[in-house]
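Let's take a walk through this structure together, one stop at a time. Have the sequence and the 3D view ready.

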Amino acid sequence: MDPNTHNLPAKPMDEVLADMQAYQRELEAQNEALRFSRIAAEGAFERFESLFSNVPLALMVIDEFGMVAQSNAMATQLFRPRESDPALNFLMLLISPKDEPRVRAALDQARITGRIEVNEVTFHRGSAGMMTGDLQIARIEYSADKLLHFICAVTDQTSRIAERHELQQNAQALNERNKALFMSEAHLAAIINSSLDAIVCVDAQQRITVFNPAAARLFQCTADKALNTPLSRFLPALQTKVAGVGPGEQLSLGEVVGQTASGMALPLEINVSCQRHSLGLVTTLFARDLTSRKIMESQLLESHKMQAVGTMAGGIAHDFNNILSAILGNVALAKEDLQDNDLAAVSLDEIERAGRRARNLVRQILTFSRNDEPIRSPLKLMDVVRDAVRLLRVTLPPGISLKVEGGHSMPMVMADAIQVEQALVNLCTNAIHATLPTNGTITILVDSLQLDARQAETLNLPPQRYAVLSVQDAGKGMDEVTLGRIFEPFFTTKDVGQGTGLGLAVVHGVMRSHQGTVDVQSAPGQGSIFSLYFPAISQQTLDGISPEPARAKARKATRLRGHVMYVDDDKALVFLIQRALGRRGLKVSTFSNPQLAMAALREHPMEYDLLVTDYNMPGISGVEVLREASMIRPDLPLALASGYVTPEIEAEALQAGARALIHKPNDVDELCDTVADLLGTTQEPEQTQEQAQELAQEPPQEPAQEPHQAAPSAAAPAPLTALPLGENASLL
């Protein structure tokens with residue numbers, strides 16, 4: 001007893017009794033609640049037992065070690081059909097060894113998750129054998145002890161396992177078909193999206209449902225803006241034709257004119273296919289852009305046209321070169337006949353200059369038609385400008401004038417004069433067309449410029465000194481789009497029939513072959529300036545270049561020995577050759593009929609020391625003449641002359657035995673040089689008057705035997721390999 005309690009005042013008796021009565025009532029209430037709880041628990045347990053015993057499932061309650069704590073009648077009937085069968089003591093004794101790891105793993109998982117199901121477990125049924133069933137495990141709170149407990153429900157699936165397997169196989173097959181369908185759709189989408197042709201699908205109302213990226217590029221409209229819009233927006237001419245295509249039909253509609261989203265016309269090739277789908281009819285259109293094909297067809301047509309021009313140029317060159325050869329040859333002979341200080345020399349020089357000019361023009365045509373490599377040599381651009389201006393002034397339209405500026409202290413350049421002149425003429429011709437129909441002046445400016453690093457980078461050239469040839473006009477000018485295409489072959493802004501579109505392409509090719517460039521400055525209404533940049537050559541480089549051979553008029557006439565057969569159907573040229581070679585001491589037999597020439601050679605094969613034949617003659621070619629001559633006399637030196645020598649002709653001539661090609665028209669002295677080289681004889685200078693007098697005082701000598709009288713056993717001249725020929729002849 002607390003020693004201080006005796007100090008507390010004592011409660012009255014009636015209060016003590018009241019407290020005891022209240023405590024008694026509280027105990028009675030708790031006892032009543034416990035009674036009701038017991039009754040409820042007993043009722044719940046009875047209901048659980050009734051449910052556990054009567055549920056049509058095999059149920060077992062096991063602890064965490066797998067010991068069976070309780071089982072219902074269905075479990076006993078299922079796993080112990082006879083009294084002699086083992087008692088239901090452990091769950092694992094009922095599981096087949098192959099499924100025991102799965103069941104143990106399921107129990108461990110049920111500790112964590114609370115429930116789990118294991119399908120198709122093989123169970124031992126004692127004397128009834130084996131069965132296959134599903135095992136469901138659920139964790140429960142069991143108050144009998146502190147161990148974890150699980151309720152296990154077993155469902156016999158023996159009769160349904162085949163059906164389940166079939167369902168699983170069907171589900172797997174369906175899943176695989178779905179995957180295949182998905183892959184097929186993805187593959188189809190990839191094909192559609194990566195197709196180079198435009199693919200457009202429309203529904204029965206001809207509204208667009210598919211619009212691939214190629215269609216977006218072709219029609220210049222994004223897919224989101226094209227979907228659900230009518231097909232007539234892009235293909236207005238196909239409404240009736242598309243509507244007439246039935247299910248399963250495939251039609252080729254050929255060339256159709258479509259349009260972009262902005263209304264620009266498009267040449268297209270259309271194929272149509274119609275299929276019936278679950279959503280109705282779907283029509284697919286495959287559109288291929290024909291713009292590039294049209295351009296290529298046009299370029300091919302132009303190429304064939306240029307090929308025809310080249311072929312025609314060859315024919316023209318043959319006849320024209322014969323005429324030029326006769327003109328230049330007779331001029332050379334006439335100049336030889338002149339006395340000193342003859343006034344006719346000036347006229348003959350002008351005729352010769354005009355003839356050479358005509359010869360260069362023919363070479364320019366042939367160079368363009370054969371696409372020959374440029375033959376570059378040191379030249380001054382001002383010399384080319386003078387020749388080009390002389391040609392252009394003759395063809396200038398009324399109201400158009402030419403003006404040349406600059407040209408002082410210009411550096412030399414390594415260039416092909418013919419190609420540079422061709423480029424300049426092309427630029428001036430374009431400037432004239434750009435200026436018409438108004439009056440104006442075309443300015444040709446020749447200047448030099450030292451490019452610094454920034455300027456050189458802009459022009460994509462090395463920084464150095466350049467000779468610049470510019471052509472300026474005050475014509476219509478060009479916009480940015482046109483400037484981006486002016487150097488494309490066959491691109492032209494001129495009306496049909498007024499241009500081929502090759503002029504500036506040729507200019508660009510010429511400058512590229514000369515390691516230069518073309519700079520263009522133009523704007524609409526402000527005219528254009530085309531500047532050609534040629535790399536200048538230094539004096540040191542110029543000093544290292546071998547000087548050109550002396551011109552024909554500076555050579556001394558020389559005398560030759562031998563008998564030459566010359567075959568050509570042009571009588572004027574035959575007459576010229578006979579006179580020119582005869583003046584050099586040669587005996588010349590000329591034939592305008594190849595058959596007669598071969599008959600003469602066959603009759604006297606050792607009479608001749610050289611045969612020169614034209615290539616293009618009526619009824620027979622010069623190559624055939626060479627072949628026949630080689631059969632008659634294999635050691636006879638042969639040469640072929642033509643104004644249009646292609647690589648094929650050159651190869652045929654070489655195979656036929658030709659040792660040299662003579663390109664018409666040629667100078668008389670150049671022809672004599674080639675003949676001398678082929679004869680293998682030494683050219684003797686013509687005797688002066690003093691030399692003739694000295695020889696007249698000497699005693700007479702035996703006359704030299706003519707080459708054509710040589711004995712048949714004379715050795716044939718050795719094949720020539722590297723002899724200095726004129727610019728119009730080449731040894732094979």
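Is Gln206 buried or exposed? Keep in mind that what you're looking at is a predicted model. Gln206 turns out to be buried, because its relative accessible area is 12%, and buried here means under 20%. To find Gln206, go to the loop that runs between strand 6 (198–202) and strand 7 (208–211). There's something else to notice about its backbone: Gln206 isn't a glycine, yet its phi is positive, at about 60°. Why point that out? Most residues other than glycine have a negative phi.

Now move along to Asn228, which also isn't a glycine and has a positive phi, this one about 65°. Look for Asn228 in the loop between helix 6 (223–226) and helix 7 (239–243). How does the surface treat this residue? Asn228 counts as exposed because its relative accessibility is 53%, and the cut-off for exposed is over 50%. So Gln206 is buried, whereas Asn228 is exposed.

While we're on backbone matters, jump ahead to Pro437. Its place is in the loop between helix 11 (417–435) and strand 14 (440–450). The peptide bond that leads from Leu436 into Pro437 is cis, with omega near 10°. Again, there's a general rule to set beside this: most peptide bonds are trans.

You'll find Asp99 in the loop between helix 2 (73–79) and helix 3 (100–113). Asp99 counts as buried, because its relative accessibility is 4%. What does its side chain reach? The side chain of Asp99 gets to the backbone nitrogen of Thr122, at 2.7 Å. If you leave aside the neighbours within four places in sequence, the residues in contact with Asp99 are Glu120, Val121 and Thr122.

Met312, Ile316, Phe320, Ile323, Ile327 and Ile351 make a nonpolar surface patch of about 520 Å². Which element gives the most to this patch? That's helix 8 (residues 291–337), with 5 residues. Ile316 is partly exposed, because its relative accessible area is 48%, and partly exposed covers the range between the buried and exposed cut-offs.

Technical notes. Residues are numbered from 1 along each chain as its sequence is written. This is a predicted model: local features need pLDDT of at least 70, side-chain atom pairs count only at pLDDT 80 or more; totals for chains, interfaces and linings use all residues. Side-chain values use heavy atoms; hydrogens and water are left out. Helices (H or I, at least four residues) and strands (E, at least two) are DSSP runs, numbered from the N terminus. Buried means under 20% relative accessible area, exposed over 50%, partly exposed in between (1.4 Å probe, protein chains only). Patches are made of residues with over 30% relative accessible area and no salt bridge: like charges are joined within 9 Å, nonpolar side chains (Val, Leu, Ile, Met, Phe, Trp, Tyr) within 5 Å. Accessible areas come from the Shrake-Rupley method with a 1.4 Å probe; for residues, only the protein chains shown count as cover. A salt bridge is a side-chain nitrogen of Lys or Arg within 4 Å of a carboxyl oxygen of Asp or Glu. A polar contact is a pair of N or O atoms within 3.5 Å; within protein, one must be able to donate a hydrogen and the other to accept it, and residues adjacent in sequence count only if both atoms are side-chain atoms. Contact means heavy atoms within 4.5 Å.
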